[in-house]
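Reader: I have a chain open on my screen and would like to walk through its side chains with you. Could you start with the terms, and then we go on to the details?

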Amino acid sequence: MTGVDTGAVRGPTLAARLGIDRSVTIAFGCILLILCGGALYSREFLSPEYLLQQLQVGAFLGIVASGAMMVILLGHIDLSIPWVVTLGAMMATAMVGWGGPAGVWLCIPFGVFCGAVVGVLNGLGVAYLRLPSMIFTLGMNAVVQGLMVLHTGGFAPLDQATEAMHFIAVQRSLFGIPNALFVWALVGAFVIYLLKRTAFGRAVYAVGNRESAAYLSGVNTNRVLIGCFAFSGAMAAFAGVLLAGYSNKAYQNMGDAYLLPAIAAVVLGGTNILGGKGNYLGTIAGVILITLLQSILSVMQMPEAGRQVIYGCVIIAMLLIYGRGAKARS
């Protein structure tokens, strides 16, 4: 009777048993390293108040990344995020003046609805016109930019955010925790439920792995594409609404700082930028990592151009890693 190579039959690791991806573990490890490095630079870096402040700012990025993740899981990308964020903010604040007394209550859903409309148009272009998502969404970003410049005449809007927008984005209601964190938690819970517990979520992974195979197995791939792009647009606009509440008004180019960080957060969390693989826990880790990295760079007085270089390098590096992995599997 031959001996058994116990090294070859090792049981799954703790992370595997818990369903945690290796990249997620690495992301949380990097978070700990940044926290330790920040603590060495300044004692205030680990204070609860400072961390809550950073998480409050990170919640806006987390909401944008929630929508971006759904599109990336399909193997596509949404480059209309910057001006959809601005669209949501400007339309929400404008509704206050347009809608009279009812505008105060309709402003938030109206801003989100406008973003969802742009998302649906993106989905229609990708699903039915079969145009590359990168090109089509970039074009939609330019269209929305033009519409917003036309709306404002090229000047800063005069409309102000409502008290409800300010309350959700800035105030703290329970245990001193920013309300924006609770909003992000609700969005995250919805995404997790959608991906883990619904047929639509399973279809998202199927389309991301191989759209043609998903179509032949009976999945309505066009509906999945439109749904994910609509969700991405809605979440970008919702983040814009919250940002308007945070700063008390909308302004031009307010979404430009969120495109690369959102994509970087998603891919840093282990979502395959080529589609078909990823989980929301990784996106949470990626958002926290990017937020803390932004904080460190701000303390170091890194210019915005340098930050964009870092985010771009992260995305290119992860694309190379996932691209090599895909070739190795094939």
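Author: Let me begin with burial: a residue is called buried when its relative accessible area is under 20%, exposed when it is over 50%, and partly exposed in between, using a 1.4 Å probe and protein chains only. This is a predicted model, in which local features need pLDDT of at least 70 and side-chain atom pairs count only at pLDDT 80 or more, while totals for chains, interfaces and linings use all residues. Residues are numbered from 1 along each chain as its sequence is written, and side-chain values use heavy atoms, with hydrogens and water left out.

Reader: Good. Is Thr86 buried or exposed?

Author: Thr86 is buried, because its relative accessible area is 0%. Its place is in helix 4, residues 81-98, where helices (H or I, at least four residues) and strands (E, at least two) are DSSP runs numbered from the N terminus.

Reader: And what does Thr86 touch?

Author: Leaving aside residues up to four places away in sequence, Thr86 touches Tyr251, Asn253, Met254 and Gly255, with contact taken as heavy atoms within 4.5 Å.

Reader: Switching to charges, how many salt bridges are there?

Author: The count is two salt bridges, under the rule that a side-chain nitrogen of Lys or Arg lies within 4 Å of a carboxyl oxygen of Asp or Glu. In one of them, the side chains of Glu49 and Arg172 meet with 3.1 Å from N to O. That pair links distant parts of the chain, since Glu49 is in helix 3 (residues 48-73) and Arg172 is in strand 1 (residues 172-174), 123 residues apart.

Reader: How accessible is Glu49, and how accessible is Arg172?

Author: Glu49 is partly exposed because its relative accessible area is 48%, and Arg172 is partly exposed as well, with 30%.

Reader: Which residue pairs with Arg130?

Author: Glu211 forms a salt bridge with Arg130, and the closest N and O atoms are 3.1 Å apart. Here too the pair links distant parts of the chain: Glu211 belongs to helix 10 (residues 211-216), whereas Arg130 sits in the loop between helix 5 (103-127) and helix 6 (133-152), 81 residues apart. Arg130 counts as partly exposed because its relative accessibility is 47%.

Reader: Now the rings, please: how many aromatic pairs does a search of the whole structure find?

Author: The search finds two aromatic pairs. Rings of Phe, Tyr and Trp (its six-membered ring) pair if their centres lie within 6.5 Å, and planes under 30 degrees apart count as stacked, over 60 as edge-to-face and the rest as tilted. Phe60 and Tyr246 have ring centres 5.4 Å apart and planes at 70 degrees, so that pair is edge-to-face. Phe60 is in helix 3 and Tyr246 in helix 11 (residues 221-247), 186 residues apart. Phe60 is buried, at 2% relative accessible area, whereas Tyr246 is partly exposed, at 36%.

Reader: What about Phe190 and Phe231?

Author: Phe190 and Phe231 form a tilted pair, 5.9 Å centre to centre with 35 degrees between the planes. Phe190 lies in helix 8 (residues 179-197) and Phe231 in helix 11, so the pair ties together parts that are 41 residues apart in sequence. Phe190 counts as partly exposed at 41% relative accessibility, while Phe231 counts as buried at 14%.

Reader: Last one: where is Gly29?

Author: Gly29 lies in helix 2, residues 22-41, and its C-alpha atom is separated by 9.6 Å from that of Leu289, 260 residues apart along the chain.
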